[in-house]
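Reader: I should be grateful for a close look at a single part of this structure, together with an account of the elements around that part. Please set the description out as one connected answer.

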Amino acid sequence: EAGDTFAGLLTLVNDNVAVDDLQRGLTNYYADNYEPALAAFDRYLAANADNQDAQALYFKGLTLAALKRSDEAIATFRELVDRFPNDNPYWTKAYFQIAFIQDYPSDAQTFKAFAAALPSAPEAPDALYRAARLHERNEDFPSAAQLWARIATQYPASEQAADAAMQAGIVLYRAGDFVSAGQRFDLASGLGSDSEQQARAWLWIGKVRQKFEDKAGAQAAWAK
């Protein structure tokens, strides 16, 4: 489909038909022709300097990222975030793209900054979950557990809540903090409606009780 659109663009250009530079940029971007796409976005933004377009900035950032020009891509996405209100449809996307490009720990910090800047956004628990996972992968287990627990308590209705509570519990269990781990597993058992997830929570509750030599309690948990 992108190829057909690009072929159509070439036909228009060859026929000397005027083509909007934003559309040129988008067509070239989706056809993986990044250098022509970047040139088109730059022309469009220069011609509309007094009335900047968030879509053009966003796709310029994506194009720069595709060209491995990471610092310029981040700067472009930051320009979008700084210039446009947070209800712009490209604002959240740009914020996430910054984190996707960055290395650790800057990426985790950016996800957390997003949640701090817009805590009521539907994407806030996802941003925190991504930050927690980055901390875990880089062996900062206390930070990972803290963020996962925060998701479960601050965003209990989110789709990430139950799994976040579980992940926090597992990290704490492996660190030997069985009391805190048990609290997180108890929280996970009451979140969401996924029976498999709830069974998983009760499995770990049983393991915690077993650590405290509560064999009857462990068996009761495993029977859930």
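Author: A residue is called buried here when its relative accessible area is under 20%. The model under discussion is predicted. By that cut-off, helix α10 is mostly covered, since 13 of its 14 residues are buried. The length of α10 agrees with expectation: at 1.5 Å a residue its 14 residues should span 20 Å, and its end C-alpha atoms are 20 Å apart. Just after α10, Gly176 adopts a positive phi of about 90°.

Helix α10 is one of the partners of helix α8, the part to be examined closely. Helix α8 covers residues 124-137 and has 14 residues. From its first C-alpha to its last, α8 reaches 20 Å, close to the 20 Å expected at 1.5 Å a residue. Because 10 of the 14 residues of α8 are buried, the helix is largely enclosed by the rest of the structure. The buried positions are Ala124, Pro125, Ala127, Leu128, Tyr129, Ala131, Ala132, Leu134, His135 and Glu136. These buried residues pack against α6 (91-101), α7 (106-117), α9 (141-154) and α10 (161-174). Just after α8, Glu139 takes a positive phi of about 65°.

Leaving aside neighbours within four places in sequence, Phe114 is in contact with Trp91, Thr92, Tyr95, Phe96, Ala121, Glu123, Ala124 and Ala127. Among these contacts, Ala124 and Ala127 are also listed with the buried residues of α8. Arg78 lies 36 residues from Phe114 along the chain, and the C-alpha atoms of the two are separated by 12 Å.

Helix α2 (residues 21-30) and helix α4 (residues 54-66) pack at an angle of about 30°, with their axes 11 Å apart. Angles under 35 degrees count as roughly parallel, and α2 and α4 are therefore roughly parallel to each other. Their crossing is left-handed. On the α2 side the contact is made by Leu22, Leu26, Tyr29 and Tyr30, and on the α4 side by Gln55, Ala56, Phe59, Leu62 and Thr63. The residues of this contact divide into 7 nonpolar, 2 polar and no charged.

Notes: Residues are numbered from 1 along each chain as its sequence is written. This is a predicted model: local features need pLDDT of at least 70, side-chain atom pairs count only at pLDDT 80 or more; totals for chains, interfaces and linings use all residues. Side-chain values use heavy atoms; hydrogens and water are left out. Helices (H or I, at least four residues) and strands (E, at least two) are DSSP runs, numbered from the N terminus. The expected span of a helix is 1.5 Å times one less than its number of residues. Buried means under 20% relative accessible area, exposed over 50%, partly exposed in between (1.4 Å probe, protein chains only). Contact means heavy atoms within 4.5 Å. Axes are lines fitted to C-alpha atoms, for helices over the stretch in contact, and angles run from 0 to 180 degrees between N-to-C directions. Angles under 35 degrees count as roughly parallel, over 145 as roughly antiparallel, 65 to 115 as roughly perpendicular and the rest as oblique. A crossing is left-handed if the near helix is turned anticlockwise from the far one by less than a right angle, and right-handed if clockwise. Ala, Val, Leu, Ile, Met, Phe, Trp, Tyr, Cys and Pro count as nonpolar, Asp, Glu, Lys and Arg as charged, and the others, Gly among them, as polar.
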